[in-house]
Each structure stands twice: as structure tokens, then as C-alpha cells.
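Below is a short briefing on one protein structure. Look at the fold first, then read the points by topic.

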Amino acid sequence: MKRLLDILISLIALILLSPIFLIVCYKVRKNLGSPIFFCQERPGKDGKLFKMIKFRSMTDAFDREGNPLSDEKRITPFGQKLRSTTLDEMPQLFNVLKGDMSIVGPRPQLKEFLEHYTPEQMRRHEVRPGMTGLAQVSGRNNLDWEDKFKLDIEYVNTQTLALDFKIMFKTVLVMLKKEGINAPNQVVGASRFSKTTEKVDV
């Protein structure tokens, strides 16, 4: 039933949001050039890797040695606005249709995290990752990683269709209020497991 709802909801959303989708495609191309989409491997159900799709929000800027500049230096005001509205996540509806993701589930994290998870944290991969989840409507980026993972496991243990609909409804409210967009104390990538204090916006 959950998979059927995922297909129906993602199809309806893609149809209803198609004008916005096309406008964002045009804006990304105009402000950032090609490619329009950003694809990155993320762990899905059972830890199987898949390519998650997002609208591109950063430039391809490099230093003199040819290395990509930090995210903070590559993101543009347009990219920040795109992220703050969560419109950059819209292409993941195609991931849902394909079966890589669900509308609701633990958010897919970087594949580098896999080797650092505790056995309990690895349980977040017992279900398909979601476009939104319990952590996203319970504080989003204002939560630290440990709290996020605890909420992911809580979802795995208690998931029901009623809970999914509740999370979807609360997601709309969070998006409208733009709650938890900034992450003042978040640590990027797998370096979060080394307890560093680097401050980034993710």
C-alpha cells in the first residue's frame, strides 16, 4: 500500500507541479548554466546505492590547483534561495517513481556515512529513504546528527500510513514557515563522526 501511494502521490505531484518544475529548470539554466540537475550516489534501502537527483544550486568553481572550492564559496544567492524553498528537492519525485525513494522515510545521507554508523543507526536503511521524514518535521537542520538518527530509527519502528500522512502534512507547514533551513552547528560529511566543530550550512 505504501508503494502504491508513493507512485500515485509522486505522479500527481509531478503533473500539478510541472509548471513550477519547468520554471525552475529555466532559472537554473539561466543562473548556473548546464547541467540543470545534480546527481549524487546515496545509500537506499539495505544500503544499496542509487543516484539521487536534485536541481543544481552551486557553481563549478575551482581553485588554481583544479580542486573544487568549498560549498560556501560555490553556492550563489540564487542557489541559497532555491534551497530555502526546498524546490531543489523536487526532482526526487522521479526517484520515488523509480522506487529508489519513498515520499516519507529517513533522508538519504552521504555514502561515506555507511562505514561509521553504529548497528542501531544502520537500521535506518531497513526502509526506503524519503523526500521528507520524521527528523525533517521535528527540527530539521536544527537537530544534531545523533538526534536525527534516533528519529530515523523511531520512524522505522513505528511507521504506519497514518504517521506518513501526518509527516507529509507537517512538512508543508515546515516548508511554508522555512523552519530549520540553516544549520549553525552542523558538521559536513563523514567528518561529523570525528566530533569536529566545523560550522557549515547543509
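In this predicted model, the largest nonpolar core holds 30 residues. V28, F55, Y155 and I167 have the most contacts inside this core.

**The core**
- At least two core residues come from each of α1 (2–16), α2 (18–32), β2 (49–55), α4 (77–84), α5 (92–98), β3 (102–104), α6 (145–158) and α7 (161–177).
- Helix α2 gives the most to this core, namely 5 residues.
- Setting aside neighbours within four places in sequence, I167 is in contact with V104, T132, G133, L134, V137 and Y155.
- In soluble globular proteins, nonpolar side chains tend to be buried together.

**The fold as a whole**
- There are 7 helices and 4 strands in the protein.
- Starting at the N terminus, the elements follow the order α-α-β-β-α-α-α-β-β-α-α.
- Of the 202 residues in the protein, 43% are buried.
- Taking contacts between residues at least 6 apart in sequence, 66% join residues at least 24 apart.
- The protein has an accessible surface of about 11,400 Å², and carbon and sulfur atoms account for 60% of this surface.

**Confidence in the model**
- The average pLDDT of the protein is 84, and 80% of the residues score at least 70.
- Among the elements, β3 has the highest mean pLDDT (97), while helix α3 (residues 71–74) has the lowest (69).
- Residues 182–190 stay under 50 in pLDDT, and the model gives this stretch 31 contacts beyond four places in sequence.
- Residues 194–202 are also below 50, with 24 contacts in the model beyond near neighbours in sequence.
- Where pLDDT is low, the predicted coordinates should not be read in detail.

Methods:
Residues are numbered from 1 along each chain as its sequence is written. Side-chain values use heavy atoms; hydrogens and water are left out. A nonpolar core is a set of buried Ala, Val, Leu, Ile, Met, Phe, Trp, Tyr and Cys residues joined through side-chain atoms within 4.5 Å. Buried means under 20% relative accessible area, exposed over 50%, partly exposed in between (1.4 Å probe, protein chains only). Contact means heavy atoms within 4.5 Å. Accessible areas come from the Shrake-Rupley method with a 1.4 Å probe; for residues, only the protein chains shown count as cover. pLDDT is the predictor's confidence in each residue, from 0 to 100.
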